[in-house]
Every structure is written in C-alpha cells, then in structure tokens.
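Please keep the sequence and the structure in view while reading.

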Amino acid sequence: MGGTGNPEWLVREDAGQPVLLALYLRQVLGLRVAEELPHLRGIPPRANDRTPAAQEALEVQWRTYWDMTVEPLTHPSPVPLDLVDGFATLLALPIEGADELRAAATPHGAEAVAFAQSTHARYRRDAGSNTGTAYRAYASAIAEHERQVGRRAHSFELNVQILPLTQRGVWWIGALTIAVTDGLRGDVVAFDAAIHPIIAELA
C-alpha cells in the first residue's frame, strides 16, 4: 500500500501460520515468556511441573524462536535452521541451542499445525469477504494523521498480525510488527481508534 509519490508506506496484514504456531506452543508448553501478549482463545494452558532450570531453558529458547519468527530479517539465526518433524514447514529451529524446545514441541506437532492452518484459513475467508477494507482502514488513519500534523506521513513499514487472543487490544511484538485481536480488527470504529497511535508513532 502506498501513494504515487514520496514518501510511501507499506502495511502487510496477515494471520501468519508460523506466528500462530509459536503462540500455540507457548501456551501448551506452559511458558510465561512474552507475558504482555494475552493467551490464545480456546487453548488450555499447560500446568507447569518442570524444574525452574528446565522452565528457564525452554523460555529462553522459545523467545529466540519467537523473535526469529516475528521478524526473521531483524533476528537471523547464527546457525542453520532445521525443520522439526511433524510440523510440515511451519517450525524450523536452530540446529544448536534449541534441543529442549524441539523435544518439548514435538508431541504437539499435529494439533499445532491444525490450529495454525485453520486459524489462518478463517482469517483469509474473513479478509476475502471484505476486499478493500484493509487498505481503507490504514489509508484513513494515515490521512487523519497527516491532517493533524500538517504534513505528509513519513515512509514506513508495518506488519500486522491478526490473532485470536483472549483480550482485545494492540501490542507491539517487534520493531515493525504489531499483534491485533481479531475481534478488534473486525470493529471498524474501535480499530480506527486503536491504530491511530501506531500510525502516529511511525509516520
């Protein structure tokens, strides 16, 4: 998305399967990392019966994997990645330093992939039935920002992940990436109000 002249803006909106899968694993593995982001709806969290050291190791490894998943260009792996059996192409972990996470995640492959695929498909259906509304939502917020500040918006990029979270809201999950609750995204007036501060910060 963007204008014909400079500056330009680009917003990518998705319910990315790798992001959904990462959050599914966070929940079923009982991890407390990225606590600012609410849980997924309908996925019961795991009772934590690990030792503190085992829990910490998993959470450190998941955080590294999460950062690589959300913004892979900003957080490249220092070692090669290897696909994890049972997750199709949705889960690749570093060949070194992720052994605990790989072992803990493996039993959840089928359910995690099914959740990510079905949630993504639902987002695509909803987005397809509202062709053009995604562009208009961001264009409207940018136009309003330009009126308020009296200048053209600066060039920027923004990635938006639409997620089925238990709480309504908007959260920064990367330098250029936000998570938005699906219910909020479907509420035109509320989403417009929620996205304005994000646009103001970037533009």
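This is a predicted model: local features need pLDDT of at least 70, side-chain atom pairs count only at pLDDT 80 or more; totals for chains, interfaces and linings use all residues.

## Overall fold

Seven helices and six strands make up the elements of the chain.

Along the principal axes, the C-alpha atoms fill a box of roughly 55 × 35 × 30 Å. Among contacts between residues at least 6 apart in sequence, 58% join residues at least 24 apart.

In soluble globular proteins, nonpolar side chains tend to be buried together. In this chain, 43% of the 203 residues count as buried.

The largest nonpolar core has 60 residues, and Leu21, Leu25 and Trp62 are those with the most contacts inside it. Helix α1, residues 17-28, gives the most to this core, with eight residues. Once neighbours within four places in sequence are left aside, Leu21 is in contact with Tyr65, Phe87, Leu90, Leu91, Ala112, Val113 and Ala116.

## Surface and charge

The accessible surface of the chain comes to about 10300 Å². Carbon and sulfur atoms account for 55% of this surface.

The chain carries 17 positive and 24 negative side chains. The centres of these two sets lie 7 Å apart.

Definitions and conventions
Residues are numbered from 1 along each chain as its sequence is written. Side-chain values use heavy atoms; hydrogens and water are left out. A nonpolar core is a set of buried Ala, Val, Leu, Ile, Met, Phe, Trp, Tyr and Cys residues joined through side-chain atoms within 4.5 Å. Buried means under 20% relative accessible area, exposed over 50%, partly exposed in between (1.4 Å probe, protein chains only). Helices (H or I, at least four residues) and strands (E, at least two) are DSSP runs, numbered from the N terminus. Contact means heavy atoms within 4.5 Å. Accessible areas come from the Shrake-Rupley method with a 1.4 Å probe; for residues, only the protein chains shown count as cover. Lys and Arg count as positive and Asp and Glu as negative; His and the chain ends are not counted. The place of a charge is taken as NZ of Lys, CZ of Arg, CG of Asp or CD of Glu.
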